[in-house]
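Here are my notes for anyone opening this entry for the first time. Have a look at the fold, then read through the points below.

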Amino acid sequence: QVQLVESGGGLVQAGGSLRLSCTTSGRTFSSYAVAWFRQAPGKDREFVAATKTSTFYADSVKGRFTISRDNAKNTVYLQMNSLRPEDTAVYYCAARRNWPLSGSSIEYDSWGQGTQVTVSS
């Protein structure tokens with residue numbers, strides 16, 4: 001397992017943008033599959049996007065969100081554009097070493113503490 005720290009959440013108006021960061025220290029991030037999940041109040045945690053050597057997205061964010069990574073900085077980003085009130089949630093970064101891309105939360109063994117994203121209408 002690896003320690004993950006998310007940052008970049010906040011309050012934004014609908015149509016605005018935010019960039020989340022997920023950083024780890026002391027590990028080589030390049031061999032990790034890394035994903036973003038989110039959980040809104042009263043709802044199950046849902047997949048948002050994942051990256052390793054490729055990327056894939058949930059249909060609900062495709063075309064609006066972009067996941068990217070800077071392995072030299074051990075950081076994965078989630079650029080979120082055209083935000084909507086329904087994107088409001090706590091966003092979590094998850095990772096697993098030497099694992100293929102997956103949209104299933106049970107396949108990730110390292111999780112950050114989460115960062116709140118609130119989109120006002």
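1. A word on terms first: helices (H or I, at least four residues) and strands (E, at least two) are DSSP runs, numbered from the N terminus. On that basis the chain has eleven strands and zero helices. The radius of gyration is 13 Å, close to the 14 Å that the globule rule gives for 121 residues, so the chain is as compact as a globular protein of that length. That radius is taken over C-alpha atoms, and the globule rule is 2.2 Å times the number of residues to the power 0.38.

2. Before going further, keep in mind that this is a predicted model, where local features need pLDDT of at least 70, side-chain atom pairs count only at pLDDT 80 or more, and totals for chains, interfaces and linings use all residues. Residues are numbered from 1 along each chain as its sequence is written, and side-chain values use heavy atoms, with hydrogens and water left out.

3. As for extent, the C-alpha trace spans about 40 × 25 × 25 Å along its principal axes. Of the 121 residues, 45% count as buried (under 20% relative accessible area, with a 1.4 Å probe and protein chains only).

4. Now zoom in on T51. Where does T51 sit? Its place is in strand β5, residues 46–51. T51 is buried, with a relative accessible area of 4%. Leaving out residues up to four places away in sequence, T51 touches Y32, A33, V34, I67, R69, V76 and L101.

Key:
Buried < 20%, exposed > 50% of the residue type's maximum accessible area, 1.4 Å probe, protein only. Contact = heavy atoms within 4.5 Å.
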